[in-house]
Amino acid sequence: MTDYKTTVNLPQTDFPMKADLARREGDMQAWWDREDIYGGLRQIARGRPRFVLHDGPPYANGAIHIGHATNKILKDMIVKSRSLDGCDSPYIPGWDCHGLPIELQVEKKHGRVGQKLDARAFRAACRSYAMEQVDLQRRDFRRLGVFGDWERPYLTMDPKFEAQQVRALGKVIRNGHLYKGAKPVYWCLDCRSALAEAEVEYEDKTSPAIDVAFKVHDLAEFAKRIGVPSVAAPASVVIWTTTPWTLPANEAVSLRGDFDYVLLELPRDGGAERVVLAEGLAAGCLARYGIEGAREVARFKGEVLERLQLDHPFQSRQVPVILGDHVTLEAGTGCVHTAPAHGQDDYVVGSRYGLPVVNPVGGDGRFLADTPMVGGMKLDDASKLLIETMQGSGRLLKHASLNHSYPHCWRHKTPVIFRATPQWFISMEQNGLRAGALRDIPTVQWVPSWGQQRIYSMIEGRPDWCISRQRTWGVPITLFVHKETGELHPRTLEIIEQVAKGVEKDGIDHWFETDAAALIGEADAAAYDKVKDVMDVWADSGLSFECVGHTREEINAPVEMYLEGSDQHRGWFHSSLLMSEALYARAPYKAVLTHGFIVDDKGRKMSKSLGNVVAPEKVMSTLGADVLRLWVAATDYTGEMSCSDEILKRMSDSYRRLRNTVRFLLGNLDGFDPEKDAVAGDGLVQLDAWAIRRAAQLQEEIVAAYRDYQFHQIYQKAHNFCVVDLGGFYLDIIKDRLYTTPAGSTARRSAQTAMYHIAHAMVRWLAPILSFTAEEIWQHLPGATAQAKSVFHTTWHDFPALSAADVDWDALITLRTAVRRQLEILRDGGAIGAPLEAELDVYCRDDVCPRYEGLGDELRFFMITSAARVHAVSAAAAGEVPGDAVPADTGNGPIDGVWLRVAASSGTKCVRCWHLRDDVGSNPAHPPVCARCAGNLLGLAETRRFA
């Protein structure tokens, strides 16, 4: 007796059902390295249009976290999709290697410079530590499946990079953007160094808030200015501040010229005192002081008090009233304590009035020894003493604690201070740097679009850039400054080039260890100071386009794209823009893409204390890197990105659906040789032609989504294609044809041809996202390795040109939806167990009948029922449509002029195809099977035209 199971073409493939990604991905990565797949791609892509995504360097300190992984995966998806797009898209990974965090790590082990290590040995230890971190992070980035020139990354501590950075400083000077000044800068008492804006974050802080009276020095002049006959003593202008320690550096009190001010007489300490307050804040001030019964003596504009002299509240000197637009009515008294050494607004307004910039605070957070009253004291201790002193002298109207937002060092999480010290600045104004940056920002494509306004606002309002740091591990500011005049050496640019050549050979030690005399001669060495400061680390990364561009032919600014997290509008995007404008008066990038921060499924920031951290290494060792990559692709990166173990588990389920769909395709392509077996376009079964057209249409949508960086749409479209178009429709229909028609029949080869094109297209769609899995698919796909060693050596699939369909597939698909609803009703009622146990009659009005009747007997294969018939009726009159027929309802309403009768079939089940047919047993050679199967077994292959 024939075993009919052996006569069916069941799927066969070595592509495993179980992904086992954690193990197989490592093997695939080793294969990529062994075969130099990335290097091969570079050779293949040579001469193509260039698309460069320039890597923003992560800091070489600590293990990678989920934010790092997200960033690298997004970059990798873009680079790989652009390669598939026919571009030459190199990726040179980089690392930021200088700066304070590395110094702090070395200090933990060796102490500060001079304790255990001299400066040279300390820098060597920093270099060694940074290289260890680079190696650790590089290993994990590669394990994520990220392609790049990992053996030749760019490192900001590479001597060639450092030398080009020194040369770039020379260009900044030549273009007129650098100056030295004693401006207030953010200063971290723990770092003992100036900070960049990007190194500052705002946290809550509790500070002493005090209202202090600055007595009017000349009451007669004061009365004359405000238009009253006389003013009795005491009379004062009242300021409000949350930094009492800055009062020793006070040089003025600022008012707003066009604000209304009032002189109020207050009952105080058994007598009366007169105070000046902004009219708009006066009521709030009196409530804060707990004073009732105040009498208004005069009202006037702030401008009338300009240059009026006031007595300092605890020093024997006078300070002027000045006018400034920074004065607001948001809080305080409307009269602002002004210390140009301790605030940017204070410095700006003080510069207009020629006020001295006197900073009495040292870098260690103590007052200089010669400071009156508070010399040698810590700032907080000094604040307490000053408050007590002013309380005793009657100058303090109010003292309270205030919790407010205050700048903190992003490394130490401690409050910073504003402190004026001699620093090197890149000016935003003196040669049009701000104007140039604002001009060029709109020429860049910002993704999402709100990025443009964000960086525009930051550039528009930012102060000059302090690029000097008082540290050891960094690229030196290679300048000589005249000891008396403060002027740069007249041969500065020549010296810089000379130094750059030395740095290129020996690294930054060349500058620090070469005597000034060897660089500028004995005579000049006696007259000039050699600058000891190093450059802000943001200058390092901000110049990466310049330094990498001069050492690697793959990079030519402006590059096509920068991509980083949303905090980099104030960081790398910002510093790169300013550096590029300072050097070339243009933006360094054509497009900037920003992604959001990673939060847990409850929207909380990830932290070890909450136990909600998702570690990339753990995900890769359990679910696999491709699941993490799929999560990145499926998540809208433009906002906060939610990640958790549960979310990744759902992604793992979606991954399995994609993998199983491909496995079905591969299994049914067993024995298919595209060179010999592919069916030409005109010979395809029309449903197969539909599938190819649908895949070609989807490819256009997916390629467009890649070009628009809409990765979540790619995931949705590919997943929906697998679930709905393939699993829920096309593959479900063609199973019968694949399994039951002869292996080499045109009917089966037609379906295999369609699956071949779908699989070849899909593996490319998935490659930028599911890189390991796509490569695994490629190695199992018929005809693939004959085209290219790796899927990444290809471009998007070329679909065959097909003539237009002569079947209304949209109408048939709609009808099928209605039929499936009726079949479910029968199944739920127990009348049938599977669709093949049913038969279908379609009654349709004459005018709509041509949409459905063209398939003939093949309609049953399309509907996956054992029988399907179409009946034309002129109307739904009695007798024309059986009483048990129902309107063809899709769930979104009935199909006009169509009724369905779905019932259990009375036929006999064919043991081979499982159809219930009346002709089972009609062929004596094969009694258990239907006539169709018997014909296929006897070599009389059935003909399929439609389904």
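The chain in this predicted model is built with 32 helices and 34 strands. Its radius of gyration is 39 Å, well over the 30 Å that the globule rule gives for 947 residues, so the chain is more spread out than a compact globule. If you follow the C-alpha trace along its principal axes, you will find that it spans about 125 × 75 × 45 Å. Even so, 58% of the 947 residues count as buried, and among the contacts with a separation of 6 or more, 77% are accounted for by residues 24 or more positions apart.

Let me turn to one residue, K80, which lies in helix 3, residues 66-84. Is K80 buried or exposed? Its relative accessibility is 4%, and because buried means under 20%, K80 counts as buried. Leaving aside residues up to four places away in sequence, K80 touches G145, F147, R629, A767, P768, S771 and F792.

The contact involves, among others, L687, W690 and L698 of helix 24, together with F711, I714 and F721 of helix 25. Taken by kind, the residues of this contact divide into 15 nonpolar, one polar and six charged.

Conventions. Residues numbered from 1 in each chain as written. Predicted model: local features only at pLDDT ≥ 70, side-chain atom pairs only at ≥ 80, totals over all residues. Heavy atoms only, no water. Contact = heavy atoms within 4.5 Å. Helix = DSSP H or I, 4+ residues; strand = E, 2+ residues; numbered from the N terminus. Nonpolar A, V, L, I, M, F, W, Y, C, P; charged D, E, K, R; others polar. Buried < 20%, exposed > 50% of the residue type's maximum accessible area, 1.4 Å probe, protein only. Rg over C-alpha atoms; globule rule 2.2 N^0.38 Å.
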